[in-house]
Structure formats: structure tokens, C-alpha cells
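Please open the model in your viewer and keep the selection tool at hand. The stops below say what to select and what is there.

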Amino acid sequence: MKKTKDLAPIAIPHGPPVECTAEYFKSKMESASIVKKYPVWDVARPTPQVLLEQARRDLMEADEELALKRIEEQKNRAIMDEKWEDLRKKELLLKESFISFNKFIRENQEKRDRAERKMVADTEVLERKTKETEAMRQRVIEMEEVKQMMEKQVKDYTIYEDYLMSVVNNYPEFKQPLDVLNRYEALAAAKSTLAERQERDLEMLEEARQEIASLTEEKKLFIMGLNNTLADLRWRYDQIRNRVIKWELALNRLKETAAARHVELCHVRSAIWSLYVKICKHKGLTIDVDTDDFESQLVVIMRALLELRRIYKIAQRRSRDKDCESMATN
């Protein structure tokens, strides 16, 4: 048989029974307070007219309750208006009191600020006066020290005053000690002037010496440069002279060659002319060509040579033919 699962299992408390008593009574009270209302199935259902009358009665009751609520709301509204008016009055009183209190506080704050500023100013004045007093006290101490030092110097310089008085007594040119001091200052100024002049002269002398040394060095460098330039010019002169000699020799050779060629040309011209004259005489031609017209002379000579060559070839061929005939007859 299959065991079904219980849909509402019973909760079994665990633990001692004494501790579970409170939960038991609590569950009993909750179950007793639950309203158990069961449906009535045997009562007749109301008709629509009954429901309508019931709805009208409910509506009238709701209207009456609404009217009562409106009256109550008006009363509450009047009460609230009175309360709001009271609150406005209290607010105005509070604002006025706050303004007066704020004014009072501001006046007190201003008085306090003025008092604090006055205290600060008084404190600053007191500190400044204290510092000035301390400075004056220090100044008095310094002046006392200066006074003592000057008294000591006067005491120490008394011997010099006595010495100056003795000088005035011994030298009538001085009327009082101040004249001696003036003479000393004049001599010291003259000494200083002479020393400055001597120093200036020495500086000028040193500058002149440096300038002379600079000029000497500059002139030495300039002379060295000129010597280098002169050596360069001499070398270039030697090169150019060698080239001139070379070209002069070449020119002389050209002149000699030209002279030889000119002589040769003259001989050739005379030979051409004599050959031209002989050819013209041999052929019985008139000599109508100028002596300097070598081209025409050469043309005539060339034609004559061509004719002679052709005649020579014809003669050679005839001689060969004769030799062949003679050999054939033999």
C-alpha cells in the first residue's frame, strides 16, 4: 500500500514540555479569536428591488454622514483659521522680537568689534612705543659709547694739538694750527694729483708700448705676408718665364718649319709652273693661266698625266699583244 503525504502535518514540538506550554496557550487563544462564519444556504436570496432600496438607504445614510462631515469640516476650518491667525500674530511678534534682538546683538557685536580693534590698536601702539623706547635706550647707550670714545680720542689727540701749537710758535708763516692742517691737506692733494698723473702717464706709456708692440707684430706679419706673396710671385714668374721660353722655342721651330715649307712651296710652285709650261708647249696650247692659279695648272697637269697613263696602258697592251703574236709565230 502506497503511503500518501499529509497536506497539513501536525507540528510536534521538540524539547521539554514545560517550555512548550506558552506556545500551546498562545495557539489556543489565536484559534478562539478567529471568527468562524459559515455560509447560509437555506436563506432566500434578496430581490433586485430589495437591493435597490438597500442601496438607496445606504446612499441616504452616506449623504447624511457627508453633511455631518461638511458641518464638522466647517467648524474645524473656522478653528484652524483662528489658529492660523493666532500663529500669524505670534509670527509677527516673533519677527519683531527677533529683529529687535538681532539689532541688539548686532550693536553688541559692533561694540565688541570696536573694543577688540581698540585693544589691538592699543596693543600695537604699546608694542611700537616699547620698541621705540628700547631703540632710544639703545641709542642712548650707543651715544654714551661714542661720547666716551670721542673723549678718549680727544685725550689721545691732545699731543697732536700741542705739536701743532709748537709748529705755529716756531714758524711765523702759520698763524694757527688750522693753517698747518690746510697746508698738509694741500700737499696731500698735490701728492694725490701727482700720483694720479704719474699713474695716468704710466698707463699711457704702457698703452703706447703695447700699441708699438702690436704695430711691430702686425708689421712683422705684414712683411711675412709680403715675403710669402713675393716668393709666390717669383715662383709664378719662373713658371711663366719657363712657359714663355718654351713657347718661344716652339714659335721659332714653327717659324723655321714655315720658312722651310714656304721654300718648299716656292719650289713646288716653280716646278708646277715649269711642268705646266712644258705640257702646254708639248701640246701646243696657249698659256692663258695666271702664274698664281695653281689649281688650273694642276688640272692641266692632271689631265696630261691621265692621258699619259692611258697611253702607257695602251702601249703596254700592244707590246703584250706583239709578244704574244711573235711567240705564236715561233
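**Before selecting**

This is a predicted model, in which local features need pLDDT of at least 70 and side-chain atom pairs count only at pLDDT 80 or more, while totals for chains, interfaces and linings use all residues. Residues are numbered from 1 along each chain as its sequence is written, and side-chain values use heavy atoms, with hydrogens and water left out.

**Whole chain**

Colour by secondary structure. The protein has 5 helices and 0 strands, in the order α-α-α-α-α from the N terminus. Helices (H or I, at least four residues) and strands (E, at least two) are DSSP runs, numbered from the N terminus. Of the 330 residues, 5% count as buried. Buried stands for under 20% relative accessible area, exposed for over 50%, and partly exposed for what lies in between (1.4 Å probe, protein chains only).

**Salt bridges in helix 2**

Select residues 48–156, which are helix 2. How many salt bridges does the structure hold? There are 9 in the structure, each defined as a side-chain nitrogen of Lys or Arg within 4 Å of a carboxyl oxygen of Asp or Glu. Side chains of opposite charge can pair when their charged atoms come close.

- Select Glu53 and Arg56: they form a salt bridge, with the closest N and O atoms 3.4 Å apart. Both residues lie in helix 2, 3 residues apart, about one turn of the helix. Glu53 is partly exposed at 45% relative accessibility, and Arg56 is partly exposed at 46%.
- Select Glu85 and Arg88: in this salt bridge the closest N and O atoms are 3.6 Å apart. Glu85 and Arg88 are separated by about one helical turn because they are 3 residues apart in helix 2. Glu85 has a relative accessible area of 38% and so is partly exposed; Arg88, with 45%, is partly exposed.
- Select Glu134 and Arg137: their salt bridge has its closest N and O atoms 2.9 Å apart. Glu134 and Arg137 lie 3 residues apart in helix 2, which means a separation of about one helical turn. Glu134 is partly exposed at 45%, and Arg137 is partly exposed at 44%.

**Surface patches**

Switch to a surface view. Patches are made of residues with over 30% relative accessible area and no salt bridge, joining like charges within 9 Å and nonpolar side chains (Val, Leu, Ile, Met, Phe, Trp, Tyr) within 5 Å.

Select Asp58, Glu61, Asp63, Glu64 and Glu65, which gather in a patch of negative charge.

Next select Met80, Trp84 and Leu87, a nonpolar surface patch with about 320 Å² of accessible area together. Accessible areas come from the Shrake-Rupley method with a 1.4 Å probe, and for residues only the protein chains shown count as cover. Met80 is in helix 2 and is partly exposed at 39% relative accessibility.

Then select Arg317, Arg318, Arg320 and Lys322, which form a positive surface patch. Arg320 sits in helix 5 and is partly exposed, at 47% relative accessibility.

**The largest nonpolar core**

Last, select Ile272, Tyr276, Ile279, Cys280, Val289, Val300, Ile301 and Ala304. These 8 residues make up the largest nonpolar core. Helix 4 (177–283) and helix 5 (294–329) are the elements that give two or more residues to this core, and helix 4 gives the most, with 4 residues. A nonpolar core is a set of buried Ala, Val, Leu, Ile, Met, Phe, Trp, Tyr and Cys residues joined through side-chain atoms within 4.5 Å.

Definitions and conventions: Lys and Arg count as positive and Asp and Glu as negative; His and the chain ends are not counted. The place of a charge is taken as NZ of Lys, CZ of Arg, CG of Asp or CD of Glu.
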